[in-house]
Structure formats: structure tokens, C-alpha cells
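Me: I'm new to this one and would like to learn how to read it, feature by feature. Could you show it to me and then walk me through?
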Protein chains: 2
Amino acid sequence: MNITTKFSDKVKHLEASAIREIFKLLAKPGIISFAGGAPDPNLFPTEELAEISADILRKQGKTALQYGVTEGYDPLRTWVKERLKKQGIFKDADEAIIVSGGQQGIDLASKSLLNPGDGLVCEEPSFIGGLNSFRSNNAEIYGVPVAEDGMDMEKLEALLKEHQNIKVLYTIATFQNPSGITMSLEKRKKLLTLASTYDFIIFEDNPYGELRFMGEDVPTIKSLDTEGRVVYFGSFSKILSPGLRLGFTACDKQLMERMIICKQVEDVHTNVLSQMIAYEFVTRYSIDAHIQKLREVYGRKCQLMMACMDKYFPSSVKHTHPEGGLFLFCTMPDGIDSKEVMQKALDKGVAFVPGATTMIDDKQSYPTFRMNYSTATEEEIEKGIQLLGEVLYEVVGE
Amino acid sequence: MNITTKFSDKVKHLEASAIREIFKLLAKPGIISFAGGAPDPNLFPTEELAEISADILRKQGKTALQYGVTEGYDPLRTWVKERLKKQGIFKDADEAIIVSGGQQGIDLASKSLLNPGDGLVCEEPSFIGGLNSFRSNNAEIYGVPVAEDGMDMEKLEALLKEHQNIKVLYTIATFQNPSGITMSLEKRKKLLTLASTYDFIIFEDNPYGELRFMGEDVPTIKSLDTEGRVVYFGSFSKILSPGLRLGFTACDKQLMERMIICKQVEDVHTNVLSQMIAYEFVTRYSIDAHIQKLREVYGRKCQLMMACMDKYFPSSVKHTHPEGGLFLFCTMPDGIDSKEVMQKALDKGVAFVPGATTMIDDKQSYPTFRMNYSTATEEEIEKGIQLLGEVLYEVVGE
């Protein structure tokens, strides 16, 4: 039997994540990769978590290994809500759920809100995992370009006037993936005004918000929201560990109920042992002290990468100047295809994510690419940027 | 803003799992519950897993806490494939994936194959998690009654003749949830012949298959399949721990590729630490020896529950005689609604799952209920069945 004839319309035309395909190329030994989005593994609190996990399994093993509830392990969920309350994010009409990584929150909210053909606006470039979630719900996706202070609000309003079907706007307002850009307070307020006028919901994806290493905090959009329009996605992946698959979502109680039902179908509940480990970690230690360490290291690495770019890259290749997060974004002169540059870079032993994978139409050529500075060591950053600079001089000249 | 006006058609009419609602009633202290489907927590290898998890985090913490691949942690995936090969389940054209619990496998396969309006056949009664997955993909669900040797094949063939839209058949052929019944070898062969004739796919959900405590093994349907028609769902939930959320699916490679893409959108990958813990457990210890312990305890508990039922239940209340798994199924005389009986039982301090939650049309009244014997202690089984017997005598008389 040829099973491909049985595929549903939903999956028939789906393609594997381009980033995933790139990761396969990275198997080449000795390659210096700026393509991932992973935390620095040297900063994982392995010894602390080793002690914690053994304690939990010895003393509370019957809970850690048994079925849990869909909403999440209660002490962790309560801790998340308290933290979000202090940050002004969690409101009286809200509820929170622990999910199996931030991506699951986006997926559950998308399922709960998007009908086929509903309009969804996002920054362009944006996060491929988010885009794939909206695609899999057959949303019509519209992109808004990103300026140094975030989404272009005039272009957004023009889109809202033109398309009556826009139901959701997706933004990574702080240290955006892939650009590293942060939306200004003014634009956040404007966005909420537009949401009220044009009656849409805002998905605020904030996995990097805690990782500020320069400048001043900007309030989250959710904390400024007075109409219950913002669905807030948080994650433990960047502040503790991605391998534990822990995230959280906070939004209006009624929407949360739908998301919980969808989660029952997807995976019943989030891994209990992981939730207990995370709860024990934030109880025994200071998560803020841990985050402070991450900020220092990522700040140093980001500064180093930018300094190396300024030294080794042709002046026609521009890069953003992030104040936090894991990424910066480079733009080569128009007409150059970063997918072709990537092939040359791989030959030299360096990898990045070509801009196409961050765009709504990923079949086009773009002169952009994403660079991650959290995973590589400082030596690798210095060497990798130098090698990449050689490739770029070949491609773009001075 | 009233967010309910924004809900997608997919979730607008979804209801929370009835079993979940029952679980809320169980919060009453002192209640003896036969309603769950959880393993005996006293059998979790907590000390072994405590040592293992600490070792992994100390020696391989950078892997355990970092992002993993969607297909699963390679050593565990290879181990699963080898085990399935030995069981005749994994074929040359197959691929396997580690999923976040058996439920996720069902959900990914459903998404990959079911269009709205496609026909899906299942045993009736069946597993609510499966049913909800098919419902959320807007499948048209048809039920086939279950005899003592499994699905009624004549009624199945009549259905297949009547409905041209049937694409998938879902079966828990071994120690079925909720009935505890096992499909005979003859019927398994007949089912494969029908699948070939009427060109449909079989979902074989087999979370309980390893838990046989009486009688002789019957080959899995997948092991008898020569046409690549069977998608096989396995789980670590019943043989190791449900809290770790680990399952696996094996099927044709091409279908697997679609499922992997769907999983990227749902949760990127399965918890890495859990996968490494499971792999380390099956490497350091004998999973078969562990399963043997479970079989002995569940066999003893099942025998005890049946003996108590024969002693304390009115003779008009019949029960199935499982040879493995976690459940048996009771049938009261026609016209009695098990939802009403459950209210009375709860007042007495005993809980079960009313048959309605296992049926396609869960709004009707059914004289059936599901009893779980794995979670309660032997003392609780004796006392709980006695109390339930008193309720049943009140309701049905002799």
C-alpha cells in the first residue's frame, strides 16, 4: 500500500523545518555553528539539578513518576503565577498553564483561536516555530517589517485597514528572534490601541525577556493590557534548560480552558519530574541569581561577536545591536542570497541560519542571516567570525 | 473584550474530558477510586531512577538539559526499534519516533491522516483520549461492539460496506481499555484481510500488551501485517512511569516523516532527561524482570477484584475476565444509568468511570462502567467492592 495517498490535506504539503535540515549539515565534524538557538551548555546547573532530581525521586517518587494534571504541577504553577503577578503580567481574569515548552503554548493558542483563512500578522523576519504553527492552522499570514524600535506601526495599520480577517498578531517584542530588536514602549502602547480599534488578539512570545544585558527594561505588552487581549508565552528553556521542555502561558481564563482541553489531546500533561525539578530549583536557589549569570555571559559573547564583526566583516554587511537575548541579525547588500553564502560558509566550516527560513515566503532569496552567540565558546566566536568574514569578502567585496 | 467570540470552530464545542471531571470529584478525602488508569505507584523503581537521574545529570548533563532532536534520543530510539524488531513489529519499511506519551502518537497520526469528514472505526466502548483526538480532527466516528474475542467482524464489514469514507480503524486489540478484552488471532487476521479489501489503515494502540498475567500471548496485528497498513503505538507509561511522558510509534517511514513535522509544531521534541533516564534504566536493569513484577501484582489484584465482585455484587451485574492490562468492565441490567449509580457510589466513598465516557455518543445512558484494579491497594479493593456492592444491590436488586 502507498500510504502517501492517505495523507491529510493538513500535512500533505508540509515541509520539514529548514533549520532542522541545516542542523543535519552541521553533523560535519569541527564545524563552528552560529545556527542554533540553544543556551550555553556550560551554564546548566547540572550539579544542583543532579542533587535535586535524586532527592525528588527518593522522597516524592510516587508523585514524580505518576500521571499529573493537565494544568501543571500545582506548586510550580503557583510559583509561575506569583512571579507573573509581580511582573504585572498576570491579571485577575487570567489563568496560567504549564506547557511542554514555549512552542506548545503557541500551538495550543493557535488551535484555540485560528480558523482556516483567519488573518495573522507577525514581524517579518519572525520565529519559524511560530510561523509553522500558524501555517498548520491554515492561517493567512501577513508580515510587517521591523525597524530599530520594533514593528513598523504605519505599515501595520495599513494592513489592518486592508484585511478585515486579521484575528491575531504575533510578536516577540523583546530581543526578537531572529533580529534581536526590542519594541519601544511607545510602539507597545500603539499596538494595544490598534488591537482595541481593530479588535484583534496579541500573542506576546517572550522567551528571551529575562536575558537583558544592556539598557533598561521595557514593560511587557501584557502588563500594559487592560482589555484582556494579550496571550503571554513564557519559557524555562532559556533561563534553565530546554531539554526539560517546560514553558508557561498566561491569558484570559476562558481561553485557557480551551487550551487545556487541546493539551489533553496533545500530550495529556507536562512531564511531572521536570516540573518538580524546576520547582525545587527555584525554591532552593535564586533563579534571579542564575539569570544574572546568563546575562553576564551572553552580554560578553554578544559584545565579542559584534566587535569581531566590526573587525572581520566587510563594511557593507550590517548587523543589529541587541540589548539581550540570543541572536543578532545581519544584512548583506541587496541581491545577495544568504542561502548561497551559507553553502560557501559551510565549506569553510561555519554555519548560520539564512534569512529565508525566518520569512513568510521562504522560497525567495534574502540577503539576511541570523547569528546566535549563546552556544559557541568565545574562541569559536573569534575564529568563526573571522572565517565568515573571509567568505563575505569573497561574496560582497569591501 | 469577550474572548469567547474569537474561539476557533475546532474548540468552540469541545468539552473537558468527563474522566477529568470525575477526577475533580475524587478530591473528597478517603474516597476509594477505581476510576483512574494509573499504575501502582508502589511499583515505581524510585531508588533506581534516583541514582540514574543523578548520574546522568552529573556525567551527561549538557546533553540531558539541552535541546534534542524531534525523532528522539538516539540510544533510546535504537533500543525501541531493536525491541520491536524482536517482537516482529518493526519492519524494513518502518521508522520509529519517541513521543511525549502514547497519546501524542495517536494525535500525530490522526493529524497526518484524517481530513474532516473522514470515517474512523473504533471499538465501542473505547479509550476517551483516542476518541477526543479523532473528534478534534473532525472525523466521523463509527463504533463496532466488542464480543469476548474482540470486535464483531460481521458488524465491522457491514459498516465498511455502508460507508465509503472509512480511512482508519482504531483498536486496542490487547487488554482493551475499557473492556479488558483481547482480540483473538483469527479476528486479527480477518481484520487485516478487511483492511486490504476495503483499503483502510489500522491504528494498533498497545499500551497494555506487555502486562499479561494469564493465558497465552496473541501476536500483535502489526506483526501480522504484510502491507504496511498498521500504525503501532507503544508506551512507557504502564511499564515504567506515566509521569515521564514517554511513548513510541512505529509505522511506514513516509508517514513517520509527516508525524515528525507535526511534532515539531506541537512540542519540538520529547523531554531529553526522561528519555535518557528510560534508556539508562533498560540498560542497567532488565525491563522484562520489572514487567514480570508488574504482571504478578496486577494479576493478583485483578483476581482479587473479580473474586470480590462475585462475592459482593448482585448476580445480575456481569464483568469481563481480563488476562492482562489494568481494567475490567461491568454491565448492569438494561435501563440502569451508570452515571446515576456513580453519584450514589461517590456518596458511599467509591468511584468508577461510567460507561458513557467510553462511548461515541457520550450523552446517552449506559448500564456499564469501567473498573481499574492497578492503583488501589488490596485492602481498598476488598473494601471498595463491598461498598459498591451495597450500592448495586440498592439499584438493581438481586
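Me: Which residues lie nearest the centre of the largest cavity?

Reply: Rolling a probe the size of a water molecule over the atoms shows where empty space is left. On a 1 Å grid over the protein atoms alone, a cavity is a set of points where a 1.4 Å probe fits but cannot get out, and lining residues have an atom within 4 Å of a point. Here the largest cavity has 13 lining residues, and those nearest its centre are Ser100(A), Arg245(A), Asn271(A), Ser100(B) and Asn271(B). Before we go on: this is a predicted model, where local features need pLDDT of at least 70, side-chain atom pairs count only at pLDDT 80 or more, and totals for chains, interfaces and linings use all residues. Residues are numbered from 1 along each chain as its sequence is written, chains are lettered from A and ligands numbered from 1 in the order in which they are written, and side-chain values use heavy atoms, with hydrogens and water left out.

Me: How much space lies in that largest cavity, and what classes of residue make up its lining?

Reply: A volume is the space filled by probe spheres set on the grid points, which are joined across faces, edges and corners. For the largest cavity that comes to about 70 Å³. Its lining splits into eight polar, four charged and one nonpolar residue. For these classes, Ala, Val, Leu, Ile, Met, Phe, Trp, Tyr, Cys and Pro count as nonpolar, Asp, Glu, Lys and Arg as charged, and the others, Gly among them, as polar.

Me: On to the two chains. How many residues of chain A are in contact with chain B?

Reply: Contact means heavy atoms within 4.5 Å. By that rule, 85 residues of chain A touch 85 residues of chain B. Between chain A and chain B it is about 7,000 Å², with 56% coming from carbon and sulfur atoms.

Me: How many salt bridges cross that interface?

Reply: A salt bridge is a side-chain nitrogen of Lys or Arg within 4 Å of a carboxyl oxygen of Asp or Glu. Four of them are found across the interface of chain A and chain B. One such pair is Glu47(A) with Arg58(B), whose closest N and O atoms are 2.9 Å apart. Over all chains, the count is 52 salt bridges. Within chain A, Lys167(A) and Asp118(A) form a salt bridge at 3.0 Å, N to O. Lys167(A) is in strand 6 and Asp118(A) in the loop between helix 5 (102–113) and strand 3 of chain A, so this pair ties together parts 49 residues apart in sequence.

Me: You mention strands. What is the order of the strands in the eight-stranded sheet?

Reply: Helices (H or I, at least four residues) and strands (E, at least two) are DSSP runs, numbered from the N terminus. Two strands pair if DSSP finds at least two bridges between them. In chain A, eight strands make an open sheet with mixed pairing, in the order 2-9-8-7-6-3-4-5. Strand 2 (94–99) and strand 5 (150–151) of chain A are its edges, each pairing on one side only. Strand 3 (residues 119–124) and strand 4 (residues 140–147) of chain A run parallel, joined by six bridges, and Val121(A) stands opposite Tyr142(A) in strand 4.

Me: Last one: which peptide bond is cis in chain A, and which residue has a positive phi?

Reply: Most residues other than glycine have a negative phi, and most peptide bonds are trans. The bond joining Glu124(A) and Pro125(A) is cis, with omega about 10°; Pro125(A) sits in the loop between strand 3 and helix 6 (128–136) of chain A. In chain B, the bond from Glu124(B) to Pro125(B) is cis, with omega near 10°. As for phi, Phe175(A) is not a glycine, yet its phi is positive at about 50°. Look for Phe175(A) in the loop between strand 6 (166–171) and helix 8 (185–198) of chain A.

Notes: 1 Å grid on protein atoms, 1.4 Å probe; cavity = no way out; pocket = protein on both sides within 12 Å on 5 of 7 lines; lining within 4 Å. Buried area = accessible area lost by both parts, 1.4 Å probe.
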